[in-house]
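Hi there,

Here is the structure I promised to pass on. Have a look at it first, and then read my notes below.

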Amino acid sequence: MTTPVCSTASRAATPYHAYSSFSSYVRARGPMLLRTARSLTANASDAEDLLQTALTKTYVAWDRIEDHRALDGYVRRALLNTRTSQWRKRKVDEFACEELPEPETVPAPDPADQQVLHDAMWRAVMKLPDRQRAMVVLRYYEDLSEAQTAEVLGVSVGTVKSAVSRALGKLREDPELEPIRS
């Protein structure tokens, strides 16, 4: 069962005796509350500001807090709510700088070089035996899975795997593709 922390009955100004009890509470629990605030922020200055704001909210509600044994929980909740509000309201700062922060563009490959590569690869594929060539074309040019390739050719998946492996080995050894591997 939870104990109510605040009552909404009184909204009058906080009397002087409340100020003295609030001051003694802050003196006694301040270091612990500051450690909690530091765990919620990036630096010590922000933590001090956060604690100051949460304690201000606590002081305003001081006369409505029924159970003063639950003050630590009340202040921690005020810290968390204040930090969440700050985080939601944060803005992105923009700074002027000498250079634009755009990534360097990678030059596009030369279309002529791409065509030379394509032609060399196709000539190498055409040197393969018919069955291996068919499997390589279906697997890598038509982008079929091993199972789909096996189904199209009426062979087992293991046959496709071994034939494609041998075909790739032959392509790796093709002297016309040597400049590509370098």
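**What I found**

Aspartate 67 forms a salt bridge with arginine 69, with 3.0 Å between the closest N and O atoms; a salt bridge here is a side-chain nitrogen of Lys or Arg within 4 Å of a carboxyl oxygen of Asp or Glu. Arginine 69, on the other hand, is exposed at 76%.

Before going on, a word on the source: this is a predicted model, where local features need pLDDT of at least 70, side-chain atom pairs count only at pLDDT 80 or more, and totals for chains, interfaces and linings use all residues. Residues are numbered from 1 along each chain as its sequence is written, and side-chain values use heavy atoms, leaving out hydrogens and water.

The whole structure has six salt bridges. One of them joins arginine 123 and glutamate 176 (2.4 Å, N to O). Arginine 123 sits in helix α4 and glutamate 176 in the loop between α7 and α8, so this pair ties together parts 53 residues apart in sequence. (Helices are DSSP runs of H or I with at least four residues, strands are runs of E with at least two, and both are numbered from the N terminus.) Another salt bridge brings together lysine 127 and aspartate 174, at 3.3 Å from N to O. Lysine 127 is in the loop between α4 and α5, while aspartate 174 is in the loop between α7 and α8, 47 residues away. Is each of these two buried or exposed? Lysine 127 is exposed at 53%, but aspartate 174 is buried at 7%. Arg123, Lys127, Asp174 and Glu176 are linked in a salt-bridge network.

Now for the rings. There are four aromatic pairs, meaning rings of Phe, Tyr and Trp (its six-membered ring) with centres within 6.5 Å; planes under 30 degrees apart are stacked, over 60 edge-to-face, and the rest tilted. Tryptophan 122 and tyrosine 141 make an edge-to-face pair, 5.2 Å centre to centre with 85° between the planes. Tryptophan 122 belongs to helix α4 and tyrosine 141 to helix α5, 19 residues apart. Tryptophan 122 is partly exposed at 34%, and tyrosine 141 is partly exposed at 37%. Elsewhere, Phe22, Tyr25, Tyr59 and Trp62 form one aromatic cluster.

Cheers!

Notes:
Buried < 20%, exposed > 50% of the residue type's maximum accessible area, 1.4 Å probe, protein only.
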